[in-house]
Amino acid sequence: MGYSQKVIDHYENPQNVGSLDKADPMVGTGLVGAPACGDVMKLQLKINDDGIIEDAKFKTFGCGSAIASSSLVTTMVKGKSVVEAEQVSNAEIARELALPPVKIHCSVLAEDAIKAAIADYRQKRTEG
Amino acid sequence: MTTELKLPLYFDNNATTPCDPRVVDAMVPYLFEHYGNPASRAHAYGWVARDAVATARQQVASLIGAQPKEIVFTSGATESNNLALKGAARYLARKGKHIVTVSTEHKAILDSCHALEREGFEVTYLEVDSEGLISLDALRAAIRDDTTLVSVMFANNEIGVVQPIAEIGAICRENGVLFHCDGVQALAWMPIDVRAMKIDLLSMSAHKMYGPKGIGALFVRRGRPRVRVQPIIDGGGHERGMRSGTLPTHQIVGMGKAAELAAESIASGGVDKVRALRDRLWDGLRANLDELYINGSWEHRLPNNLNVSFAYVEGEAMMMGIKEIACSSGSACTSASLEPSYVLRALGVDVELAHTSIRFGLGRFNTEAEVDYAVELITRKVRFLREMSPLYEMVQEGIDLKSIQWTAH
Ligand SMILES: Cc1ncc(COP(=O)(O)O)c(C=O)c1O
């Protein structure tokens, strides 16, 4: 299978693997995908009161491109505002990693993970 | 142990095997020195080639307990399967148009069946149990008055599961239907006796038994019952009219030599050495890692095959991590269809687990040092990928993955 060098780099040296405390009101957790489809991403964002993403962690079950997409996304959103992070698109991720057409769904999933994590954070804020 | 390993290690012997150097040596003279057409009856070039083909035919026949006249050379097992199914079904079409096969067969069988369905034949696809085995009662029940042919593979190419061939042969004979068997995966590893097993048609391929690619054979029984097949390739009437085309002498010589070596290896314990390596691989892995699941029966399995699901680690990511080992995965990501292996699905393996399956095929040229290297590398990578797996984390936290509402995409 032909992987781009960027995918290989992220796969071999994934950035920000790990977990944040789910219960922390500053942490939004997005869990997207399904084991039956062969990929699941968990993305966690720690967002401060100014709406800036201070930290991002991921864990991914999926192929090399899925792992690379999630790793890349954590590096992209760190330091960004929530509003900026919401603008990150799958096309950007796919372009950056030079994903072939059959792997575009990995970048879509990564975009969904950002949106899900932010939605979770917002829900916590409104509830809390 | 300090000897240099040649990387990547070749652990994909169910996909193909290298040509044994003794096979290569046997073939080479037939490319330039003895290049005659075996069908040329008028000169020495032709005679030499014809004698070589005759020897090879004998070697192939003895591997499976057949007579040389019962061997038809083809371009490989894909063609042999096509010839057996279409050839026999069409020849017997006036007697009946029903065929029985199994859902886990190789695509060359399944797609030949689909082609026959388009011609008006009816096909019953037997299910397999969770071990990958068919039920003999289900087979008996599937055979009807208009059934002419049953096709069941000897051993499966993905999971190595070996069907009860002699029992199937007996059932077919009792019911007066032909028994075709795709023997490709078993040739180098298990004794095959077409007479004792009551096999009427047997597909073979050289490249799964240390011979060259692009050459195979079909055993077509003579005597009682005499089996006839309608050719699927028309031409000069070679191979007693069943398969036209100039015989590729060097390929056939290679297949013959490979068959001779396979017979020797089976008789002299060479196979046991490969089984010991396969077992060493499995024992090493399960000593280091939890949640490994063997796909298919362990008891009824080729000695060289290990198909295992590494739970919570997706197959393609795994293959990328162990690129120093050439093997294959049943994960959707590695197939053109984006569907996980239909064979694993037929066994009822959870889709989740199917995505995490890896097939290792050990072979004649692997060593203990290679297996030990593989165990170490796989262990390291599985631990690395599980650390990265949200599923593994959830299970560690005591969450039942089945209780989660996943967002299918
Ligand atoms: C069980 C089985 N049948 C048939 C084939 C096709 O053989 P060939 O590659 O010689 O066409 C293979 C190999 O891919 C196989 O494993």
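When I say contact today, I mean heavy atoms within 4.5 Å. Keep in mind, everyone, that this is a predicted model.

Let's start where the two chains meet. By that contact criterion, chain A brings 32 residues and chain B brings 28. Together they bury about 2,600 Å², with carbon and sulfur atoms giving 68% of that area. On the chain A side, the residues that lose the most area to chain B are A:Tyr11, A:Pro35 and A:Phe61, and together they make up 26% of what that side buries.

Now, what about polar links? There are 14 residue pairs in polar contact between chain A and chain B, with both residues at pLDDT 80 or more. The salt bridges between the chains number 5. One of the salt bridges joins the side chains of A:Lys59 and B:Glu393, at 3.4 Å from N to O. As for which parts of chain A touch chain B, the elements giving two or more residues include helix H1 (5-12), strand E3 (53-61) and helix H5 (104-127). By type, that side of chain A splits into 19 nonpolar, 7 polar and 6 charged residues.

Let me move on to chain B and its strand E7, residues 201-205. Is this strand mostly covered or mostly open? Mostly covered, with 5 of its 5 residues buried. One side holds B:Leu201, B:Ser203 and B:Ser205, the other B:Leu202 and B:Met204, and both faces are covered.

E7(B) also has strand partners. With strand E6 (residues 178-182) of chain B, E7(B) pairs in parallel over 3 bridges, and there B:His180 partners B:Leu201. With strand E8 (residues 216-220) of chain B, E7(B) runs antiparallel, joined by 5 bridges; here B:Met204 has B:Ala217 as its bridge partner.

Notes: Residues are numbered from 1 along each chain as its sequence is written. Chains are lettered from A and ligands numbered from 1 in the order in which they are written. This is a predicted model: local features need pLDDT of at least 70, side-chain atom pairs count only at pLDDT 80 or more; totals for chains, interfaces and linings use all residues. Side-chain values use heavy atoms; hydrogens and water are left out. Buried area is the accessible area (1.4 Å probe) that two parts lose on being put together, summed over both. A salt bridge is a side-chain nitrogen of Lys or Arg within 4 Å of a carboxyl oxygen of Asp or Glu. A polar contact is a pair of N or O atoms within 3.5 Å; within protein, one must be able to donate a hydrogen and the other to accept it, and residues adjacent in sequence count only if both atoms are side-chain atoms. Helices (H or I, at least four residues) and strands (E, at least two) are DSSP runs, numbered from the N terminus. Ala, Val, Leu, Ile, Met, Phe, Trp, Tyr, Cys and Pro count as nonpolar, Asp, Glu, Lys and Arg as charged, and the others, Gly among them, as polar. Buried means under 20% relative accessible area, exposed over 50%, partly exposed in between (1.4 Å probe, protein chains only). Two strands pair if DSSP finds at least two bridges between them.
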